[in-house]
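Let's take a friendly look at a protein model together.

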Amino acid sequence: MHEHDVLCFGETMAMFVAEQAGDLAGVGQFGKRIAGADSNVAIGLARLGFKVRWLSRVGDDSLGRFVLDSLRCEGLDCSGVEVDANYPTGFQLKARSEDGSDPAVEYFRRGSAASRLSAAMVSPVWLQARHVHATGIPLALSDSCRALSHALLDGMRAAGRSISFDPNLRPSLWPDQSSMVREINALAAKADWVLPGLEEGRLLTGQHTPADIAAFYLDQGVELVVIKLGDAGAYFRSAKGEGQVAPVPVSRVVDTVGAGDAFAVGVLSALLEGRPVAEAVARGNWCGSRAVQSRGDMEGLPLRHELEAYDLRRSA
């Protein structure tokens, strides 16, 4: 019996979201929330009843206390989070979009406490979780964060745990594209399940079709590749077969930020429950559809009773 179902790690930032549309320079009121692709997935899995351990660092400041309080309220085990007296908690400003387009976001994360995550922090107790989920974002934050990512995945693989990876590309954090591609693919090759978006996959592999993108990673030893296709749904491929799952129609797109994280929550939760891949991808599409209809990065992530209602409707 594992003490934790899932181990997640990375940076959670404070986020100030504009209360009105327009240029951020002219906005006078903001709402305070949290943001971070890695912690979005952690929160989503915790809402579905999984026991999730969160590893990170925050500053010894009011934003750090806000981030920790928010994560604990979502049910995450934050005993692995360090409080840094020397470096601050990162934050971001997010514009308000009224037409469903991607809102402008300005980041203030350089030199943050989370960028000081390092492999020296790895403890054997962290490696007792059943599964670890990683993204490409920590790889871009610093050399020490990159070392931590590899140490955790290497340790989990040696312990016989399962590993999932979402590239979650952030080109602005990298010195150049070639470095990003090289480092992202090096970590992806250590995963069992890889979940890129279509354009991410094209950039990372040099391949064009979903089948060829998937083949690139399968040839490196990955067991399953699931590719997000936007309004075309999602494609999956493994040694056992391939398929494409139709999207869940939505009447209005409110905010696309966090949709990929919600998709990952759906896919991973189902796979960890031992459900068939096609069913897992369908759940991912449903979770993603909820995300784009909600304002905020993780506000649309479902609770367990909402997921159970969806499962009943789908099986009816």
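## Strands that pair

Two strands count as paired if DSSP finds at least two bridges between them. Keep in mind that this is a predicted model. Strand β2, residues 13-18, is joined to β3 by 6 bridges, and the two run antiparallel.

Strands β2 and β3 belong to an open sheet of 4 strands, in the order β3-β2-β6-β7 and with mixed pairing. Its edge strands are β3 (30-35) and β7 (105-108), each pairing on one side only. From one strand to the next, the twist averages 20 degrees.

Helix α2, residues 62-73, lies across β2, β3 and β6 (91-94), and runs at about 65 degrees to β3.

## Cavities inside

How many cavities of 30 Å³ or more does a search of the whole structure find? There are 2. The largest cavity holds about 50 Å³ of space. Among the residues lining the largest cavity are Val17, Lys94, Asp255 and Arg295, and its lining divides into 4 nonpolar, 2 polar and 4 charged residues.

The second largest cavity has a volume of about 40 Å³. Its lining is made up of Glu3, His4, Arg53, Val125, Trp126, Gln128 and Ala129. These lining residues divide into 3 nonpolar, 2 polar and 2 charged.

Conventions:
Residues are numbered from 1 along each chain as its sequence is written. This is a predicted model: local features need pLDDT of at least 70, side-chain atom pairs count only at pLDDT 80 or more; totals for chains, interfaces and linings use all residues. Side-chain values use heavy atoms; hydrogens and water are left out. On a 1 Å grid over the protein atoms alone, a cavity is a set of points where a 1.4 Å probe fits but cannot get out, and a pocket is an open set with protein on both sides within 12 Å along at least five of seven lines; lining residues have an atom within 4 Å of a point. Grid points are joined across faces, edges and corners, and a volume is the space filled by probe spheres set on the points. Ala, Val, Leu, Ile, Met, Phe, Trp, Tyr, Cys and Pro count as nonpolar, Asp, Glu, Lys and Arg as charged, and the others, Gly among them, as polar. Axes are lines fitted to C-alpha atoms, for helices over the stretch in contact, and angles run from 0 to 180 degrees between N-to-C directions. Contact means heavy atoms within 4.5 Å.
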